Amino acid sequence: MSTDTLAADLETALPTTLFRFATAGSVDDGKSTLVGRLLHDSKAILADTLDAVARTSADRGFGGEKGGIDLALLTDGLRAEREQGITIDVAYRYFATDRRSFILADCPGHVQYTKNTVTGASTADAVVVLIDARKGVLEQTRRHLSVLQLLRVAHVIVAVNKIDLVEFSESVFREIEADVQQVGRELGLGSDGISDLLVIPVSALDGDNVVDRSERTPWYTGPALLEVLETLPAADELESHLESFRFPVQLVIRPQGALAPDAVAAGLDVEAYRDYRAYAGQITEGSVKVGDQVSVLTPGQDPRTTTVAGIDFAGSSLEEAAAPQSVALRLADEFDVARGDTIAAAGTVREASADLYAALCWLSPKPLREGAKVLVKHGTRTVQAVVRNVSGKLDLSTFKLEGASSLELNDIGHAQLRLAAALPLENYLHHRRTGAFLVIDPLDGNTLAAGLVKDHPGDHEDERYSI
Amino acid sequence: MSTFLTEETQVTDAAVSTRLSSLDTLESEAIHIIREVVAEFEKPALLFSGGKDSVVMLHLATKAFWPGKVPFPVLHVDTGHNFPEVIDFRDRTVERLGLKLVVGSVQEFIDSGELAERADGTRNPLQTVPLLDAIQRNKFDAVFGGGRRDEDKARAKERILSLRDEFGQWDPRNQRPELWNLYNGRHTVGQHVRAFPISNWTELDIWRYIERENIELPGLYYAHEREVFARDGMWRAVGEVSQPLPHEEVITKTVRYRTVGDMSCTGAVESDAYTVSDVVVEVAASTLTERGATRADDRISEAAMEDRKKDGYF
């Protein structure tokens, strides 16, 4: 493409949006090749990188006499990984099309799949799970899908890979598709109105149905993988219109005398800003307008209600803002508001609680024991907590809860924690941000677990989400 | 089989008009991270070289705390081999924003014998020792950097908050999982954290943002005439510390820099991109990665960045 046409394209192009997705798969299902194929065919790989990969492919004799480029090398890891034959958790990759910029969290599947899948899926709008067409749905596939259901990933795409190795057989694909949908039904995935489940036949090696629809699968009339990724609504698009406003306060902006010299030089009214006071944060859910009634939630105090007097962002005043915007809110009443407080749409928050019932994805080699003292980071507040009990461990292949009194690395279990201060906890099922928390080791500061808030026993939690 | 093609399509149509652009989303994410670090750490600092990524970082910090001042100092590790116009730009920026500037000097460490000049004359890898010294002397517990994951495969695997031990070392096998937008910055005495709020930006995002926000950069990012000579497949500027060998012919070319680092290892590219919009077009059409095109230090080996990071480099 000449730079003139490119300049014209850049002039007329609509602003692209951001879409985050993750990949998960079992050993040898061709995930690296699929990721390499997406990067290569969307032209995200520049010539010097491609040259290096082509040289290495030739050195290793890839493709025999025919030659070719081993696309898996595009995601080749660090030297530390090659030397030790290990894969270090999640790698992030970037590519863009005319419509979207993509952030891809490439999660290795074999070792520590729960840890990696949980990490990648926690920020993902969609997750692509790979299945080898010759092997079909494996136990690991069930495990992956159940983690994705638990984390409430909005879109799950199952890529049935190596379809070329089963002679592009429709019957093989349909059988796997039916198995996937069966697992989805058991989990409530794809039929619960929250998530959807798509199954696509692909050959990552040859590129069938990855970027372009393939002529070799005439029986498949759906979109290619990249088309799906370009058109699916991002989680914020789906959620910010459905959910109530939530805003954890990060810090108070109160410059007093210390106004920014560049802002003053640009004509900021020093007198008018002498008593400026605003609460900085990122909207985690929903949207807010100037004049909206909001409640300030401070642990240990009753909610205080006021109205939004202004929404500021770096010198502009906004009429409204929505997740995931970072802004500064001014309130009509001069309350004492601090980091760790939450500002929420009035009348939409249930009572704060110091009793936390949760599903924990255990991510540390140090096991969880009943009675352990931990830290819980929820929104912008970190509080001390004690683990009252562990009530069970999930068998990810049967989706049943088994008895357990401790959790080990990569286990997912249920636990009850008692917090040192009551927090505005919300069920993760309906609040992917305010229902999430970290469990942190107070001794070395390491992250021990990803926590998902559940309803208290006796509250009417939907049985479908009982895992 | 899917609901997104049916019922949910309506939700999408309604949402599209208010959907943030990718630049707005990246900006929001970076500001959130900058504010988290300022709220949770005692003494942060921002690594500021005058390079485009650190300039964007500083711009984001001014937006995060508006109308207040940026509440932390900037730290420059001076290799002594700087482009003079970059140092001038650095000083003007610090003055304009009313910031405190802390300088760690490679030259001072060479003069005192604590560091030795390398045979190839490159000083970029020598920055680690003065950097760690400045961090310890000033008791910085968090240091913001403008590192991006699209730059290099070692960076692609690094966390947004990257814990470093008392020697500044990165341990790729022992990183904390980063979940949702909940960042865990806890550290023990002697440890510090490197924070990379623009991890998820690409080179093109940076340039589009510079264009959109009308951010000033040192002039050498734009096409200009310069005396250069060819070395290692790059155009190297003639300067005090960068002299041609007898067989290297000096010619005048219209060039610009894609990265700005140590004058002894940063190469220029031939370019007629005189304005920021020219550069956006040039970067979008480029067939070479920015480090591959212009950094001698990253060409030393495939794992050059990985090795430097483990030793405490950014």
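1. Start in chain B, at the end of a helix. Helix α7(B) is followed by B:N214, whose phi is positive, near 55°. The model is predicted. Helix α7 of chain B spans residues 203-213, and its buried residues are B:E203, B:D205, B:I206, B:W207, B:R208, B:Y209 and B:I210. Charged residues are therefore among the buried ones, including B:E203, B:D205 and B:R208.

2. Chain B as a whole comes next. Its secondary structure comes to ten helices and ten strands. Of its 314 residues, 54% count as buried. Take the contacts in chain B between residues at least 6 apart in sequence: 77% of them join residues at least 24 apart.

3. One helix pair in chain B deserves a look. Helix α2 (residues 22-40) packs on helix α3 (residues 52-65) of chain B at an angle of about 75°, and the axes are 9 Å apart. That angle makes α2(B) roughly perpendicular to α3(B). On the α2(B) side the residues are B:E27, B:A30, B:I31, B:I34 and B:R35. They meet B:L60, B:A61, B:K63 and B:A64 in α3(B). By class, the residues of this contact divide into six nonpolar, no polar and three charged.

4. Now the sheet in chain A. Six strands form an open sheet in the order β2-β3-β1-β4-β5-β6 (chain A), and the pairing is mixed. Strands β2 (91-96) and β6 (196-201) of chain A are at the edges, each pairing on one side only. From one strand to the next, the twist averages 25°.

5. Which strands of chain A form a hairpin with three residues between them? They are β2(A) and β3(A). These two strands run antiparallel, joined by six bridges. Within that pairing, A:Y92 has A:A105 in β3(A) as its bridge partner. Strand β3 (residues 100-106) of chain A has six of its seven residues buried, so it is largely enclosed by the rest of the structure.

6. Strand β1 (residues 17-24) of chain A pairs with β4 (residues 126-132) of chain A in the parallel sense, over four bridges. The β1(A) to β3(A) pairing is also parallel, with seven bridges. Residue A:T23 takes part in both pairings. A:T23 stands opposite A:D106 in β3(A), and its bridge partner in β4(A) is A:V128.

7. A helix covers part of this sheet. Helix α7 (residues 170-187) of chain A lies across β4, β5 (155-161) and β6 of chain A. Helix α7(A) runs at about 165° to β6(A).

8. The largest nonpolar core has 206 residues. Those with the most contacts inside it are A:V127, A:V160 and B:L46. Leaving aside neighbours within four places in sequence, A:V127 is in contact with A:F21, A:A22, A:A24, A:A121, A:L148, A:V153 and A:V156. In soluble globular proteins, nonpolar side chains tend to be buried together.

9. The two chains meet through 72 residues of chain A and 67 residues of chain B. On the chain A side, the residues that touch chain B are 40 nonpolar, 20 polar and twelve charged.

10. Last, A:D444. Where does A:D444 sit? Its place is in the loop between β24 (436-440) and β25 (447-453) of chain A. Is A:D444 buried or partly exposed? A:D444 counts as partly exposed, because it has 14 C-beta neighbours inside 10 Å. A:D444 and A:D395 are 49 residues apart in sequence and 30 Å apart in space, C-alpha to C-alpha.

Key:
Residues numbered from 1 in each chain as written. Chains lettered and ligands numbered in written order. Predicted model: local features only at pLDDT ≥ 70, side-chain atom pairs only at ≥ 80, totals over all residues. Pairing = 2+ DSSP bridges. Axes fitted to C-alpha atoms, helices over the stretch in contact; angles between N-to-C directions. Contact = placed C-beta atoms within 7 Å. Buried ≥ 20, exposed ≤ 12 C-beta atoms within 10 Å, placed from the backbone. Core = buried A, V, L, I, M, F, W, Y, C linked by C-beta atoms within 7 Å. Parallel < 35°, antiparallel > 145°, perpendicular 65-115°, else oblique.
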